[in-house]
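My entries are below the picture.

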Amino acid sequence: MRKVVLSMFVSLDGYIEGPGGEFIGPEWSADLDAWTDKMIERFDTLLYGRTAWQSMAEFWPAAEGNPEVGPAQQSVARFMNGSRKIVFSRSLQNARAWANSSLATAGIVETVAAERGKPGKDMVIFAGAKFAQTALRAGVVDEIWLLTIPMLFGGGTRLLDGGYQRQKLKLLEARAMDTGAVLTRYEKA
Amino acid sequence: MRRLVVWNLISLDGYFEGPTPWDLDFHTTVWGEELEAFSIEQLDEVGTLLFGRRTYEGMADHWTKATGAIADMMNSIEKAVATRTLDRADWNNTRLLKGDAVDAVRALKAEDGKDIYVFGSADLLASLQKAGLVDEYRLCLAPVVLGAGNPHFKPDGQVKMRLEKTRPLKTGGVVLTYAVEG
């Protein structure tokens, strides 16, 4: 049975973006690159809300093969572009702006249930606070992987913003990166 | 100058208590021999336990009725409570910090002695963090999402931290130690 994993960066105070909606990414390092390369092997399908899909669609197709994008990012670009992408949107007419994308034809619960029955690797939600919250509230997330950045953003958009059921989790891994970010991976207990 | 260390248990979604005050059931997900040993070791390092009024009252009520090694330490260690409303504090070895909490804590830090530890007290912490008086955070991240509750970190400015230690517990809790860089 294919699983759905939520895998995101978050500040120590629980924000995914800063007070002005700005992206504050983790400090990149060899450690983080190695983890990212290993992580993406687990997945072949990405789940997106419209906003995150649109911004990623502007970035990743142009990144692949671009010499200005470093070698570590190239394997990520190949993965992002080559994987299946399922986009949940009521307003998009089509998903042609990014290869291997398709619009979901049903709600998240039905779509994920149908996908679970198909052969393949696991599914991942990488981006988009609002979509992550929708997925959590719909109860479709099996594992939560967080890379906690050693910083308080002081405000912004919270990733785990409530509205879902209280849920005990099982810790799968806790590991400090060389940058001081901490990777914690959990599954539903 | 004494250091000010914050020790709290928080859920993965960043709450230190559930939607109602003292909804701390999630503590059972991490409490056990390891955390008990950690607590005793930590209490040995405490010079003063600093609380906001609300946490102080709850702690006083709990620990004066409890028994065991941790209860003995909690009851004997010096406590300080920041309050505008209390005129007396009956829990053994307590001082009242009247007036502006930030000024009072700054003075407390300037005294000689072992370090100051804050447990709970999220509202007081927000003021202390804003004033740059927190030196270290020790957080036990509990393996649970609560779905609603009272956030441990209140909105404020950006603050950089340096990760000092990561210690996973058998219960699935993870104790994270950060030094505040500012």
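**Ground rules.** I number residues from 1 along each chain as its sequence is written, with chains lettered from A and ligands numbered from 1 in the order in which they are written. The model is predicted, and local features need pLDDT of at least 70, side-chain atom pairs count only at pLDDT 80 or more, while totals for chains, interfaces and linings use all residues.

**Chain contact.** Two residues are in contact if their C-beta atoms, placed from the backbone, lie within 7 Å. Helices (H or I, at least four residues) and strands (E, at least two) are DSSP runs, numbered from the N terminus. Ala, Val, Leu, Ile, Met, Phe, Trp, Tyr, Cys and Pro count as nonpolar, Asp, Glu, Lys and Arg as charged, and the others, Gly among them, as polar.

I found S10(A), residues 167-176, paired antiparallel with S8(B) over 2 bridges. Two strands pair if DSSP finds at least two bridges between them. Gln167(A) stands opposite Val145(B) there. I then traced an open sheet of 9 strands with mixed pairing, in the order S8(A)-S10(B)-S11(B)-S7(B)-S1(B)-S6(B)-S3(B)-S4(B)-S5(B). Its edge strands are S8(A), residues 151-152, and S5(B), residues 94-97, each pairing on one side only. Within this sheet, S3(B) (46-52) and S6(B) (115-119) are parallel over 4 bridges, and Leu50(B) faces Val118(B) in S6(B).

**Helix pair in chain B.** H1(B) (33-44) and H3(B) (69-76) pack at about 25 degrees with their axes 10 Å apart. Axes are lines fitted to C-alpha atoms, for helices over the stretch in contact, and angles run from 0 to 180 degrees between N-to-C directions. The two helices are therefore roughly parallel; under 35 degrees counts as roughly parallel, over 145 as roughly antiparallel, 65 to 115 as roughly perpendicular and the rest as oblique. I listed the contact residues as Glu36(B), Ser39(B), Ile40(B) and Leu43(B) from H1(B), with Ala69(B), Ile70(B) and Met73(B) from H3(B). This contact has 5 nonpolar, 1 polar and 1 charged residues.

**Helix pair in chain A.** The axes of H2(A) (50-63) and H3(A) (71-82) come within 9 Å and cross at roughly 120 degrees. That makes H2(A) oblique to H3(A). Met56(A), Trp60(A), Pro61(A) and Ala63(A) of H2(A) meet Gln73(A), Ala77(A), Met80(A) and Asn81(A) of H3(A). I sorted these into 6 nonpolar, 2 polar and no charged residues.

**Around S11 of chain A.** S7(A) (143-149) and S11(A) (182-188) run antiparallel, joined by 6 bridges. S10(A) also pairs antiparallel with S11(A), over 7 bridges. I noted Tyr186(A) as bridge partner of Ile144(A) and of Leu171(A). S10(A) and S11(A) form a hairpin with 5 residues between them, and Gly180(A) in the turn has a positive phi of about 95 degrees.
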